[in-house]
Amino acid sequence: MPGSPGSPASALLLENIHPLAVDVLGRAGVSVQQRPGALSEAELVQALPGVKLLGIRSTTHVTEAVLDAAPDLEAIGAFCIGTNQIDLEAAAARGVAVFNAPFSNTRSVVELVIAEVIALTRQLTVFDSALHAGVWQKSAAGSHEVRGRTLGIVGYGNIGSQLSVVAEALGMRVVFYDTAEKLAMGNAVRLSSMEEVLAVADVVTLHVDGRAGNGGLFGAEQFAAMKPGAIFLNLSRGFVVDHGALRDHLVSGHLAGAAVDVFANEPRRNGDPFDSRLRGLPNTILTPHVGGSTEEAQEDIGRFVAGKLRDYAAHGSTSLAVNLPQVITDAGHGTRLGHLHQNVPGVLATVNSVLARHGVNIVGQSLTTRGQLGYVVTDIGSAVEAAVLAELEAMPETVRLRVLS
């Protein structure tokens, strides 16, 4: 049965989510538990009974098995950009809303890319290692200005397009490729294929999303197609790059350097051991998935995603949900019913017929559909009887019914 109006919400926040998220949820009356690291599938199954709101970052994976074991779960907040660590279809089928932060840390990622492009182009890692080893090695050979060099961006979304603007301000020529139609920023030039980008770029940087089809996107063939002496960066998803092939092209000298921030298998907690075929290579920067990890970005993400979870829990707003129809709501008046259902003809008429038969007056109503799902939010002017809820929940099209006040 759906929860009763005003029933307290509980939240579990993992992976060192910013304390501001706790404050946002706490001020809304949500009881918050925090754990510093990620949880495995088995650990999540044990931790989620009674939890309505789950907050994670990129390392915790919410699988169908986890969702099956968490009937109380109403919403998941991904306090990051990506949502590939969550089974979105399984969540939607169970009426679990998923929210992320598509914009909050884009600037942080862009600034790290720029810093690494300059560091690699100037061989700062090589000079730094030599001096730490006690060797004075001053030379201009192989060091370049970024001004006048060509940056190739693969994936021109929120991060790629902002990177385009900043790189151009430094005097770089920008070319890009994206499978979707994208508006070029400034003087950036869209090319018709990734291969065209690789042929002309002095620096190639990946900013693709986490869809399964991007697995193995960049391997031996793509590295071989890059210009000799070019630099490669990946701050998108670990599974899109063949690190063995990248190592081969760095060791052979075909590539002059690389920076990698994401890995196919990442440790769950700080202090855990880390290994990679890229360790120990010269002019190679390895960072522990910190592209979006600045204090400014994490604070903004904490505020933004926690606000989305709060609004969904309190009054059913699905604004910017990544897997459900989007209905933007205010705080509401009286009792509110959130009815997620299969998107088939006649559902709204049936809902309203049930309410009318029980003498329930509708004060306001909003309906949106998305793919196979529909979501109707109905405000009524009085308390709702258990018989009404039972009849709505028994509708064969009902996915989830929530009672909000």
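**Close-up views of a predicted model**

**View 1. A hairpin made by E14 and E15.** Strands E14 and E15 form a hairpin with two residues between them, and Gly-371 in the turn has a positive phi of about 60 degrees. Helices (H or I, at least four residues) and strands (E, at least two) are DSSP runs, numbered from the N terminus. E14 (residues 362–370) and E15 (residues 373–380) run antiparallel, joined by eight bridges. Pairing here takes at least two DSSP bridges between two strands. Look for Gln-365, whose bridge partner in E15 is Thr-378.

A quick word on what you're looking at: this is a predicted model, where local features need pLDDT of at least 70 and side-chain atom pairs count only at pLDDT 80 or more, while totals for chains, interfaces and linings use all residues. Residues are numbered from 1 along each chain as its sequence is written, and side-chain values use heavy atoms, with hydrogens and water left out.

**View 2. An open sheet of seven strands.** The order is E8-E7-E6-E9-E10-E11-E12, with parallel pairing. Strand E8 (189–190) and strand E12 (284–286) stand at the edges with a single partner strand each, so one side of each has no neighbour in the sheet. Over at E12, three bridges tie it to E11 (residues 255–260), and the two run parallel. Ala-259 has Ile-285 in E12 as its bridge partner. Helix H5 packs on this sheet, touching E9, E10 (230–234), E11 and E12. Its direction makes about 150 degrees with that of E10 (axes are lines fitted to C-alpha atoms, for helices over the stretch in contact, and angles run from 0 to 180 degrees between N-to-C directions).

**View 3. Helix H7 and its surroundings.** H7 (residues 158–169) has twelve residues and reaches 17 Å from first C-alpha to last, close to the 16 Å expected at 1.5 Å a residue (that is, 1.5 Å times one less than the number of residues). Its buried residues include Ile-159, Leu-163 and Val-166; buried means under 20% relative accessible area with a 1.4 Å probe, protein chains only. The buried residues of H7 pack against H5 (106–121), E6 (150–154), E7 (173–177) and E9 (203–206), with contact meaning heavy atoms within 4.5 Å. Just after H7, Gly-171 takes a positive phi of about 95 degrees.

**View 4. Where H5 meets H7.** The axes of H5 and H7 come within 9 Å and cross at roughly 50 degrees. Among the residues that meet are Val-109 and Val-113 in H5, and Leu-163 and Ala-167 in H7.

Notes. Buried means under 20% relative accessible area, exposed over 50%, partly exposed in between (1.4 Å probe, protein chains only).
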